[in-house]
Amino acid sequence: MRRSLIILLAIGLASAAIVGLTSAVAKRLCAQHLLRPGDDLAWLRREFRLGEREMQRIRQLHEGYLPRCRELCERIAASKKGLQTALDAGQGLTPQVEQKLAEVGTLRAQCQAQMLRHFHEVSQAMPPEQGRRYLAEMQRLTLGFHEQIEDSMASGAPNPHGHR
């Protein structure tokens, strides 16, 4: 019974960490545009040495993506609020909390998929080598946050709590 509770808590903590990190990436992408409109892609031009034609197409893709990004960020925020309300009820890991946690996770997965689609589209607007490098980095940033947590919790990894 105690082992099951520890496993459940570890899964809950890992899920919360994954949810938080995915949200941070999505918020950063959305916030970059809100805080520095018109300048948020300057780093892309410099890093990948892109010309005006490539940047024009990428800006077009970026502008088309932002409303979808904002909408999903808003849905995630509302879902997180519902999860927090369920947690604040103080009843522990109830079916309602589990349902809300699954809802947040589903929305985050949708966000990641949407981001990866957008990054792929952007990579196609670049010269092939720069596009491959850009896509690899964006995939690493989008998915990499989860890997460290998952690897640390996987069987065969040293137990982060000092027990087996």
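The chain contains 5 helices and 0 strands; both are DSSP runs numbered from the N terminus, a helix being H or I with at least four residues and a strand being E with at least two. This is a predicted model, in which local features need pLDDT of at least 70 and side-chain atom pairs count only at pLDDT 80 or more, while totals for chains, interfaces and linings use all residues. Residues are numbered from 1 along each chain as its sequence is written, and side-chain values use heavy atoms, with hydrogens and water left out.

**The whole chain**

Begin with the complete chain on display. Followed along the sequence, its pattern reads α-α-α-α-α. Colour the residues by accessibility: of the 164 residues, 34% count as buried. Here buried means under 20% relative accessible area, exposed means over 50%, and partly exposed lies in between (1.4 Å probe, protein chains only).

Contacts may then be considered, a contact being heavy atoms within 4.5 Å. Among the contacts in the chain with a separation of 6 or more, 67% are between residues 24 or more positions apart.

**First stop: Leu44**

Select Leu44, which lies in helix 2. This residue is buried, with a relative accessible area of 2%. Apart from neighbours within four places in sequence, Leu44 is in contact with Arg49, Leu50, Ile58, Val122, Met126 and Tyr134.

**Second stop: Gln114**

Move to helix 4 (residues 95–124) and select Gln114, which lies within this helix. Gln114 counts as buried, at 15% relative accessibility. If neighbours within four places in sequence are left aside, the contacts of Gln114 are Tyr65, Arg68, Cys69 and Leu72.

Side chains of opposite charge can pair when their charged atoms come close. A salt bridge is a side-chain nitrogen of Lys or Arg within 4 Å of a carboxyl oxygen of Asp or Glu. By this rule the model has 5 salt bridges; the tour visits some of them.

Select Glu47 and Arg133, whose side chains meet in a salt bridge at 2.8 Å, N to O. Glu47 belongs to helix 2 (residues 42–48) and Arg133 to helix 5 (residues 128–153), so the pair ties together parts that are 86 residues apart in sequence. Glu47 is partly exposed at 42% relative accessibility, and Arg133 is partly exposed with a relative accessible area of 36%.

Turn next to Arg75 and Glu71, which form a salt bridge with their closest N and O atoms 3.8 Å apart. Both lie in helix 3 (residues 52–88), where a spacing of 4 residues separates them by about one helical turn. Arg75 counts as partly exposed at 38% relative accessibility, and Glu71 counts as partly exposed at 40%.

Finally, select Glu52 and Arg45, whose side chains meet in a salt bridge at 3.0 Å, N to O. Glu52 is exposed, with a relative accessible area of 53%, whereas Arg45 is partly exposed at 28% relative accessibility.
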